Amino acid sequence: MSGSAAGTATADVVCLGESMVTFLPSRPGPLAGVPSFGRGIGGAESNVACALAAAGHRAKWVGRVGADGFGDHLVDTIAGYGVDTSAVRRDPGRPTGIYFRTATDRATDTHEVAYYRAGSAASAMSPRNVPYEDLLPTRVLHLSGITAALSADCLALLHDLTAPREGRPTVSFDVNHRPGLWREGEAGPEVLLDLARRCDLVFVGEDEAEEAWGVHGTEAIREALPEPGVLVVKRGSEGVTVFSRTGTGAAGDTVTTVPSLRVDVVAAVGAGDAFAAGFLSATLRGLPVRDRARHGHLMAAAVLTVPGDLTDPPARAHADRLAALDDEAWGTLRLGPGWTAADGANEEVRVT
């Protein structure tokens, strides 16, 4: 893996992006009928940082929050996972973003999200006010397409960070296509495609690639994104397909397909961020591609079996045992609530 030299990297992974306070409904139903909400946090990049820190890596989150109580809550909560928040900046003139969501799966027609993030502190991030010394001394710099959609300044920042430069760390990019975030007249899909092609490791869902770029199937997605050394195509219940560049041209790819796990889902939120964290964790450890994808699935299963976006991952030794199973045994796994507490002796929690 390319990136900063081990002697100069101050973090394993730096994650840049907006984190917001999220209000979770006290019961199912449309937002108009929910009487009360519980407070949590949400943000693709900070979710990844929290999961990586909980898994034992040196993770840093870089962002901007308002000089308000919600900003205090975000920074304190993220730091509580062991994340370095020393580079987070406070904006006295802009608020911390917040949002409300329903309890339903975001893929369903009944799911509602009400964002209050326009003009937020994070939307003011730019190459002028985010010191690069906070970002570049790392093995991996993790970004997402959500940041690019927040403002022209945020897009300029991502464009600059993904540009070739001497000593650039490995740049990881989760496409995270969110059509509702892009301003009228902006070509969000084209912007995301350009950014992804400038990165070293890219995560993209098969469904979002079809929605954004009109391409269908893993091979077509790889043709649209030939540059990244590693391309991870997430295929929902079918698993993931990973293209790893080992030579030149299409013939230079090693293609690895890893099936998903069967999971008793409690809440289908945060799984994509958790998968990225698991894959990055195994990448940092130098594990084979198959095991990187399996650790992604396991980290996602940890989040899918709890109500919120974040949870403690399984112990590393436990996850390593599961990731090392043969294909037949991997196919028998079924994970439900509480599975991360199992230690191998409690077989009924994890195997059917």
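This is a predicted model: local features need pLDDT of at least 70, side-chain atom pairs count only at pLDDT 80 or more; totals for chains, interfaces and linings use all residues.
A residue is called buried under 20% relative accessible area, exposed over 50%, and partly exposed in between.

**Stop 1: Arg168 and Asp200**

Select aspartate 200 first. Its relative accessible area is 23%, so aspartate 200 is partly exposed. Arginine 168 counts as buried, at 15% relative accessibility.

**Stop 2: the sheet**

Switch to a cartoon view and trace the strands in the order E4-E1-E9-E10-E11-E12-E13-E14. These eight strands form an open sheet with mixed pairing. At its edges stand strand E4 (59-62) and strand E14 (253-258); each has a single partner strand, so one side of each is left without a neighbour in the sheet. From one strand to the next, the twist averages 15°.

Within the sheet, select residues 170-174 (strand E10) and residues 201-205 (strand E11). The two strands run parallel and are joined by three bridges. As background, strands of a sheet pair through backbone hydrogen bonds, either parallel or antiparallel. Which residue of E11 stands opposite aspartate 174? That residue is phenylalanine 203.

**Stop 3: Asp174 and Lys234**

Keep aspartate 174 selected and display lysine 234. Their side chains meet in a salt bridge, at 4.0 Å from N to O. Aspartate 174 lies in strand E10 and lysine 234 in strand E12 (residues 230-234), so that the pair links distant parts of the chain, 60 residues apart. Are these two residues buried or exposed? Aspartate 174 is buried, with a relative accessible area of 2%, and lysine 234 counts as buried at 19%.

**Stop 4: helix H9**

Select residues 289-304, which make up helix H9. This helix packs on the sheet, where it touches strand E13 (240-245) and E14. The direction of H9 makes about 35° with that of E14. A check on its length is simple: at 1.5 Å a residue, the 16 residues should span 22 Å, and the end C-alpha atoms are 23 Å apart, which agrees. Of the 16 residues of H9, 15 are buried, so the helix is largely enclosed by the rest of the structure.

**Stop 5: Arg90 and Asp72**

The salt bridge count comes to 21. One further example pairs arginine 90 with aspartate 72, whose closest N and O atoms are 2.8 Å apart. Arginine 90 sits in strand E6 (residues 89-91) and aspartate 72 in helix H2 (residues 69-80), so the pair ties together parts that are 18 residues apart in sequence. Arginine 90 is partly exposed, with a relative accessible area of 36%; for aspartate 72 the value is 36% and the class is partly exposed. To see a network of salt bridges, select Asp12, Arg58 and Arg139, which are linked in this way.

**Stop 6: Arg165**

From aspartate 72, move to arginine 165: the two are 93 residues apart in sequence and 34 Å apart in space, C-alpha to C-alpha. Arginine 165 is found in the loop between H4 and E10 and is partly exposed, with a relative accessible area of 30%. Setting aside residues up to four places away in sequence, arginine 165 touches Tyr132, Leu136 and Asp160. Its side chain reaches the backbone oxygen of aspartate 160 at 2.9 Å.

**Stop 7: Ser123**

Next, select serine 123, in the loop between strand E8 (113-116) and strand E9 (138-144). At 10% relative accessibility, serine 123 counts as buried.

**Stop 8: helix H1**

Finish with residues 44-54, helix H1, which is mostly covered: ten of its eleven residues are buried. Among them are Val48, Cys50 and Leu52. Just after H1, select glycine 56, which takes a positive phi of about 100°.

Note on methods:
Residues are numbered from 1 along each chain as its sequence is written. Side-chain values use heavy atoms; hydrogens and water are left out. Two strands pair if DSSP finds at least two bridges between them. Helices (H or I, at least four residues) and strands (E, at least two) are DSSP runs, numbered from the N terminus. Axes are lines fitted to C-alpha atoms, for helices over the stretch in contact, and angles run from 0 to 180 degrees between N-to-C directions. Contact means heavy atoms within 4.5 Å. The expected span of a helix is 1.5 Å times one less than its number of residues. Buried means under 20% relative accessible area, exposed over 50%, partly exposed in between (1.4 Å probe, protein chains only). A polar contact is a pair of N or O atoms within 3.5 Å; within protein, one must be able to donate a hydrogen and the other to accept it, and residues adjacent in sequence count only if both atoms are side-chain atoms.
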